[in-house]
Amino acid sequence: MSDFPDPYRPHMLPKVRSSLIMSTAEAAPCTLRIASFVPGRQCWGRDTTVITHLPVWGKGKSTKCTDMAGAFGCAACHAIIDGPDKAAREYLMKNYGSAIFERMLNGLTETHALLIQRGVIIIPDAQLI
């Protein structure tokens with residue numbers, strides 16, 4: 001017997017909200033590193049890093065996706081992915097769509113590894129190697 005509901009509806013899954021995840025982003029490295037894909041832009045540095053909510057299920061008008069779908073992003077990367085820099089976002093999707101999605105996936109897994117390393121995410125049987 002499966003523990004998954006039938007029919008499976010991902011949009012009905014609970015969203016994680018965590019002030020600890022949000023605060024752990026402070027002074028963390030930017031794991032997205034996408035700003036440099038835009039001519040004349042670069043990552044801003046650790047002092048501007050925040051959780052950048054990626055464009056996945058649960059994200060919509062006036063609502064963020066789960067904090068588990070957030071990557072550490074500097075102010076420049078955050079503005080492009082989760083903020084007001086629509087021109088840069090459109091430029092990246094038009095010219096580097098696959099690379100940007102790859103960077104978001106890599107950034108998400110890097111962020112999860114850092115959160116596990118710092119004890120924010122605990123997986124009972126996990127081993128850090």
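Tyr91 is partly exposed, at a relative accessible area of 28%; buried denotes under 20% relative accessible area, exposed over 50%, and partly exposed the range in between (1.4 Å probe, protein chains only). The model is predicted: local features need pLDDT of at least 70, side-chain atom pairs count only at pLDDT 80 or more, and totals for chains, interfaces and linings use all residues. Residues are numbered from 1 along each chain as its sequence is written, and side-chain values use heavy atoms, with hydrogens and water left out.

Across the whole structure, two aromatic pairs are found. Rings of Phe, Tyr and Trp (its six-membered ring) pair if their centres lie within 6.5 Å, and planes under 30 degrees apart count as stacked, over 60 as edge-to-face and the rest as tilted. Phe37 and Tyr96 form an edge-to-face pair, with 5.4 Å centre to centre and 70 degrees between the planes. Because Phe37 lies in the loop between α1 and β1 and Tyr96 in helix α3 (residues 86-117), this pair ties together parts that are 59 residues apart in sequence. Helices (H or I, at least four residues) and strands (E, at least two) are DSSP runs, numbered from the N terminus. Tyr96 is partly exposed at 32% relative accessibility. Tyr91 and Tyr96 also pair edge-to-face, at 6.1 Å centre to centre and 65 degrees between the planes.

Turning to the strands, β1 (residues 50-53) pairs with β2 in the antiparallel sense over four bridges; pairing requires at least two DSSP bridges between two strands. Ile51 stands opposite Phe72 in β2. From strand β2 (residues 70-73), Gly70 and Phe72 point one way, Ala71 and Gly73 the other, and all are buried.
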